[in-house]
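Hi,

Here is the structure I promised to pass on to you.

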Amino acid sequence: MKPPAFEYLAATSVEEAVAALAAGDGEAKVIAGGQSLVPMLNFRLLEPALLVDINKVPGLDFIEPDGNGLRVGALTRHHALETSELVQARFPVLSEAMRHVAHLAIRNRGTIGGSLSHGDPAAELPMMAVLLDATLVLTGENGAREMAARDFFEGALATALGDDELVTEIRIPALPAGSGWGFEEVAQRSGDFAMAATAATVSFDGAAAGEVRLALMGVGEVPLRIDAAETSLSGSMFDETAMDQAVAAVDDAIDPMSDLHASADYRRHLAKALTRRVLQAAWQRAKGERP
Ligand SMILES: Cc1cc2nc3c(=O)[nH]c(=O)nc-3n(C[C@H](O)[C@H](O)[C@H](O)COP(=O)(O)OP(=O)(O)OC[C@H]3O[C@@H](n4cnc5c(N)ncnc54)[C@H](O)[C@@H]3O)c2cc1C
């Protein structure tokens with residue numbers, strides 16, 4: 001199918017883009033990589049009056065150190081994040097997750113800001129933003145505001161982004177030094193959206209686990225952090241009892257759906273099995289027992 005007719009503006013500044021969005025009064029949409037938006041237009045799931053193209057807006061495509069953390073511009077392509085040495089050195093869990101986003105051709109065009117704004121419950125980046133306690137910078141007519149990733153995702157394809165706002169930047173704070181990590185995903189074929197995925201980071205203080213983070217996706221409308229699991233594992237030696245408690249906390253927290261690709265029961269099974277794997281991997285890496 002072909003998209004419906006729309007007006008088109010190639011914005012050359014953030015100010016021009018947000019002014020056009022505000023004037024569009026809910027009928028304007030941003031286009032970045034177009035990898036999610038264009039299929040939706042072609043299927044006529046969206047019929048915006050105006051597309052505001054941000055590809056020519058300078059200053060939105062960067063990956064920079066921020067203390068021991070990172071700042072990433074919204075127009076950064078998935079493949080740039082995947083192959084960045086800085087990301088690999090500071091957040092190897094993010095490099096690994098990016099390899100699971102779609103196919104290379106899509107990763108060459110798709111952007112960080114586009115994936116976060118789209119808010120697909122089976123997309124890797126929203127889960128990584130939640131796992132890594134990222135902050136999103138949202139810029140609108142009244143200036144910029146910051147929002148924790150955990151507050152940004154409101155439902156399937158629904159976020160806290162205002163009609164006149166752009167995601168302009170993502171800030172990722174440093175992890176505790178020497179944190180180990182794990183990432184696991186199951187999809188029908190390589191490059192498909194995940195049926196379920198999990199990711200974890202764990203620090204080790206020499207005697208027991210320090211900070212533990214655990215996130216899941218594909219098992220609810222938004223990416224989840226499992227606070228009860230994190231609490232039960234922190235201070236433990238990842239013994240069988242602590243692991244069982246963490247998996248039980250995941251079982252309690254998730255609400256998977258059945259669809260064409262997998263039943264809710266299968267997604268629940270995956271969530272629990274993958275949780276064990278990522279926690280084990282993160283714990284072993286934190287103790288230096290695994291590269
Ligand atoms: C076959 C296929 C398989 C895929 N598989 C996966 C997968 O496994 N995992 C995965 O995560 N993704 C997958 N994707 C989606 C892909 O990652 C997209 O690149 C991403 O979801 C959207 O990024 P984009 O830059 O292309 O955004 P666009 O398609 O340009 O925009 C998507 C939405 O975000 C809005 N938007 C874009 N940028 C901004 C911004 N800076 N501020 C505010 N709003 C903005 C748009 O208005 C639109 O509503 C797949 C896509 C395809 C076609």
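Let's start with the ligand: the shell around it has 15 nonpolar, eleven polar and two charged residues. In that count, Ala, Val, Leu, Ile, Met, Phe, Trp, Tyr, Cys and Pro are nonpolar, Asp, Glu, Lys and Arg are charged, and the others, Gly among them, are polar. Before you go on, note that this is a predicted model, where local features need pLDDT of at least 70 and side-chain atom pairs count only at pLDDT 80 or more, while totals for chains, interfaces and linings use all residues. Residue numbers start from 1 along each chain as its sequence is written.

Altogether 28 residues surround the ligand, and the closest are Gly-33, Gly-110, Gly-113, Gly-114 and Ala-123. (A residue is near a molecule if its C-beta atom, placed from the backbone, lies within 6 Å of it.) The elements giving two or more residues to this shell are strand S2 (28–31), helix H2 (37–42), helix H7 (112–118), helix H8 (124–131) and S10. H7 gives the largest share, five residues. Helices (H or I, at least four residues) and strands (E, at least two) are DSSP runs, numbered from the N terminus.

Now for some strands. S4 (residues 63–66) and S5 (residues 69–73) run antiparallel, joined by four bridges; two strands pair if DSSP finds at least two bridges between them. These two strands form a hairpin with two residues between them, and Gly-67 in the turn has a positive phi of about 60°. Four bridges also join S5 to S10 (residues 166–172), again antiparallel.

Two bridges join S13 (residues 209–217) to S14, and Leu-216 stands opposite Leu-224 in S14.

Enjoy exploring!
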